[in-house]
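Please look over the sequence and the model below before reading on. The paragraphs after it move from the whole chain to single residues.

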Amino acid sequence: MLKIDLAKAFDMVEWSVVIDTLQHKGFHSQFLELVHACISTMSYSVNVNGDSYGFFQASRGIRQGCPLSPYLFVIVVNELS
């Protein structure tokens, strides 16, 4: 039996892999640009005792909570299998 931590895999997906997979599936280039813009503009802030401390940019991963993210993850995982 193989156990996979999908929450960690969700955060570790490279953006180039998502775009390459969608391109391989035949999606239009304008859609690819839109998806890339959506997934690559993430930034995070750290809250300590209710105070925000700056922002830092993400370098990979799919945003959890975004309605598009589960579909992108399934497409990438399907391509890997």
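This is a predicted model: local features need pLDDT of at least 70, side-chain atom pairs count only at pLDDT 80 or more; totals for chains, interfaces and linings use all residues.

Residues are numbered from 1 along each chain as its sequence is written, and side-chain values use heavy atoms, with hydrogens and water left out.

The chain contains four helices and two strands, where helices (H or I, at least four residues) and strands (E, at least two) are DSSP runs numbered from the N terminus. Along the sequence these elements follow the pattern α-α-α-β-β-α. Of the 81 residues, 23% count as buried, a class that means under 20% relative accessible area, with exposed meaning over 50% and partly exposed in between (1.4 Å probe, protein chains only). Among the contacts (heavy atoms within 4.5 Å) with a separation of 6 or more, 55% are between residues 24 or more positions apart. The accessible surface of the chain, computed by the Shrake-Rupley method with a 1.4 Å probe, is about 6,100 Å², and carbon and sulfur atoms hold 59% of that area.

Helix 3 (residues 29-40) has twelve residues, and at 1.5 Å a residue it should span 16 Å, which agrees with end C-alpha atoms 16 Å apart; the expected span is 1.5 Å times one less than the number of residues. Its buried residues are L32, V35, I39 and S40. Because they cover an arc of only 110° around the axis, they lie on the same side of helix 3, the arc being that of the directions from the helix axis to the C-beta atoms. An α-helix has 3.6 residues a turn, so residues three or four places apart point the same way. The buried residues of helix 3 pack against helix 2 (15-25), strand 2 (51-57) and helix 4 (69-80), while the face turned away from the buried side carries the exposed residues Q30, E33 and L34.

T21 lies in helix 2 and counts as buried because its relative accessibility is 6%. Leaving aside residues up to four places away in sequence, T21 touches I75, V76 and E79.

V48 is located in strand 1 and, at 38% relative accessibility, counts as partly exposed.
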